[in-house]
Amino acid sequence: MLGIVLCGGQSLRMGTDKGLLDHQNKIWAQVAAEKLASLNLPVKFSVNPSQQEVYAAYLGKGQLIIDDTLLDVRGPLLGVLSVHLSNPEEDLFLLACDMLLMEIRLMEKLIKLFKPDDNFESYIFSQDSRQEPLCGIYKAKGLKKIVRLLQTNALARHSMKCVLSNLRICETTLESQDYKYFGNFNSKEDIKGTSPDNTPKL
Ligand SMILES: Nc1nc2c(ncn2[C@@H]2O[C@H](COP(=O)(O)OP(=O)(O)OP(=O)(O)O)[C@@H](O)[C@H]2O)c(=O)[nH]1
């Protein structure tokens, strides 16, 4: 299984590339990578073509998987499918670079549930029946199915939500006290609202 830090977004609400923001002297992309690495996963970073140079300078070119601009999708799904097409046999553990509060113990729960040969194609959390697609496991066999749906124009919407609706999901309901770890930071306002312990520096 590969650990994938998704950092290829436009960061329009933040106004500056979220993955490169500083948190306790590390860039957000690295903070997420360390969480994945602590699960003993090799880690790569999913970025868009315009980010290639700057991310290579921080992380090394070999660490990056660049979005495939020929795919007719956008957003996180573009990152996920680009990673899948360049690593078609790998199951993926995705983590968005802006989920700074994610706890490793929660990610470990998904790893413990994961069985390479069971029937499930994805392992995710949900809160109040809202699924959390950007911290979760996606099996290669499920992503192959999504690519097939896309190629035959049968993926109704090009969103992670729609991806999940087409996969056999092992869904774990979060305890309410764990909801806060799924918060993500999209704007400078979001960052201001964090507790002193978790305040990322800009
Ligand atoms: N590789 C890749 N990752 C993406 C893409 N779009 C979004 N992501 C990642 O998916 C996660 C969720 O993205 P959003 O916060 O919804 O979008 P964003 O583009 O980062 O931010 P906004 O422009 O403010 O919407 C983040 O970790 C993004 O870096 C994309 O086109 N390619």
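Begin by selecting N153, which lies just after α5 and takes a positive phi of about 55 degrees. Helices (H or I, at least four residues) and strands (E, at least two) are DSSP runs, numbered from the N terminus. Residues are numbered from 1 along each chain as its sequence is written. The model is predicted: local features need pLDDT of at least 70, side-chain atom pairs count only at pLDDT 80 or more, and totals for chains, interfaces and linings use all residues.

Next, select helix α5, residues 140-151.

Within α5, colour G142, L143 and I146, which are buried (20 or more other C-beta atoms, placed from the backbone, within 10 Å of the residue's own; exposed means 12 or fewer, and partly exposed in between). Seen down the axis of α5, these buried residues fall within an arc of 95 degrees, so they line one face of the helix (the arc is that of the directions from the helix axis to the C-beta atoms). On the other side of α5, R148 and Q151 are exposed.

Finally, select the ligand, which 24 residues surround (C-beta atom, placed from the backbone, within 6 Å). The closest are G8, G9, L12, G79 and A96. Helix α3 (75-86) and strand β4 (43-47) each supply at least two residues of this shell, and the largest share, four residues, comes from α3.

How values were computed
Expected span 1.5 Å × (residues − 1).
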